[in-house]
Amino acid sequence: MRKSVRVGLVGAGFAATFHLESLRRVYGVEVDVVGVTSLREKSRKAFARRHGLKAFDTLDAMLDAVDMVDIVSPPYAHEDGILKAVAAGKGVLCEKPLTGYFGPPGADKAWRGDQAPKKDMLRQTLKRMERLAKTIRDSGAFFGYAENYVYAPSVQKEREIIEKTGAQILRMIGEESHNGSGSSAYGIWRLAGGGSLMGKGCHPLSGMLYMKQVEGLARNGKPIRPAAVSARTHQLTRIEDYRDAGFIRTDYHDIEDYGMMHVVFEDGTVCDTLTCEIVLGGLFDYLEVFANNHRTRCHISPAGLMDTYNPKGAQFKDVYLIEKASTKEGWSPAAADEHFTVGYIAEMQDFMLCAASGEKPQAGLELALDTIAVIYAAYLSDEKKGAEIPVRLL
Ligand SMILES: NC(=O)c1ccc[n+]([C@@H]2O[C@H](COP(=O)([O-])OP(=O)(O)OC[C@H]3O[C@@H](n4cnc5c(N)ncnc54)[C@H](O)[C@@H]3O)[C@@H](O)[C@H]2O)c1
């Protein structure tokens with residue numbers, strides 16, 4: 001087991017911050033976050049200064065200084081970062097979603113993902129994933145898929161219940177919704193690879209795919225994987241009579257703001273994902289398991305640790321309450337240690353220990369691949385108004 005892991009961040013935005021803060025809480029292995037690179041010089045230098053890191057102009061320039069590349073850039077940039085890191089013999093952590101389809105070469109503003117043919121999109125995405133998977137597998141590089149739902153304490157407790165009771169999961173329902181992402185890349189298909197299904201739906205979907213992996217491994221030593229999907233998406237903030245009250249983000253270029261996916265697994269059991277950009281009141285993230293021997297509701301956010309009442313918003317101006325709440329007035333489901341309750345801390349802990357010991361993390365390459373294979377099959381299903389589409393596994 002190696003004693004220390006040197007990490008370099010690719011991206012200096014929202015996710016870079018919670019990755020860094022969580023990496024700094026890892027114990028049992030020494031983690032040294034040495035530097036950051038990102039697209040814009042000004043923001044990467046500001047991020048580096050704020051957190052005491054070295055700013056590198058490019059990923060190539062950072063590679064020699066690190067053992068692990070932590071990819072927290074927008075989805076369109078993930079593949080390039082992964083390939084460079086793996087070619088240099090480095091381990092990789094990659095934020096969700098692994099990769100996707102970002103338009104034909106040279107796609108600009110005029111290209112619209114919501115209107116592009118989805119069969120070709122699926123085919124091209126599978127090809128890209130095949131290449132990516134082969135490169136990672138052939139290299140033997142460490143790969144951690146940063147899907148926090150897997151690591152939320154409630155989901156890990158449910159893992160224990162499934163493993164120790166030999167439960168059979170018959171159906172699940174999961175959701176991640178809020179009032180719209182803060183990232184400037186979000187809402188533009190050629191940067192994000194899709195809309196709600198990709199940006200948010202991937203979380204509960206991966207959480208539920210993980211649950212069936214756990215069930216299969218516990219009972220038969222083999223994960224149970226997704227077989228088919230039916231899906232619908234909508235652009236609810238763009239219906240003709242939408243009345244914008246100013247609380248929900250609406251400036252999307254070419255993506256859906258509502259989506260649902262119905263997945264049938266190899267064993268005939270099912271899970272349903274709901275996701276959207278039109279929920280007020282902060283993150284609305286949960287995952288519910290209906291098994292043959294128990295039922296569990298995992299509260300991802302709000303996690304239910306604390307409610308606070310504030311009669312005057314201004315009093316709490318310097319108090320962080322919960323992600324995506326648009327007011328601090330009245331009752332709030334305040335997040336007490338949100339990094340812990342949504343799984344960021346356990347995620348980095350698992351990745352760093354596994355990278356040091358050579359073991360496989362709970363959220364690895366297969367989960368990342370299955371998630372994207374389902375989502376792009378879901379986009380094709382949506383184009384066919386919900387027809388069932390087989391999921392091709394890699
Ligand atoms: N797990 C979660 O809860 C969660 C939450 C938010 C975002 N994310 C994921 O994290 C990733 C980043 O999202 P974000 O919200 O931090 O976005 P952001 O817009 O806040 O930050 C993105 C950063 O990447 C940099 N960047 C852009 N293109 C780049 C390129 N080609 N090469 C290198 N750097 C580049 C930008 O300069 C910026 O510093 C996305 O994949 C997103 O899906 C995950």
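Which residue in β11 is the bridge partner of Glu175? Tyr286 is that partner, and the close-ups below show the setting. This is a predicted model, where local features need pLDDT of at least 70, side-chain atom pairs count only at pLDDT 80 or more, and totals for chains, interfaces and linings use all residues. Residues are numbered from 1 along each chain as its sequence is written.

**View A. Strand β11 and its pairing with β7.** Here you can follow strand β7 (residues 169-177) as it pairs with β11 in the antiparallel sense over eight bridges. Strands are DSSP runs of E with at least two residues, helices are runs of H or I with at least four, and both are numbered from the N terminus. Two strands pair if DSSP finds at least two bridges between them.

**View B. Strand β11 and its hairpin with β12.** Strand β11 spans residues 284-291, and six of its eight residues are buried (20 or more other C-beta atoms within 10 Å of their own, with C-beta atoms placed from the backbone). A hairpin through three residues joins β11 to β12. Six bridges link β11 with β12 (residues 295-301), and the two run antiparallel. Look for Leu287, whose bridge partner in β12 is Cys298.

**View C. The shell around the ligand.** Among the 22 residues around the ligand, Gly11, Gly13, Ala15, Ala77 and Ser183 come nearest; a residue is near if its C-beta atom, placed from the backbone, lies within 6 Å. Helix α1 (residues 14-23) gives the largest share of this shell, three residues.

Definitions and conventions:
A residue is buried if 20 or more other C-beta atoms lie within 10 Å of its own, exposed if 12 or fewer, and partly exposed in between; C-beta atoms are placed from the backbone.
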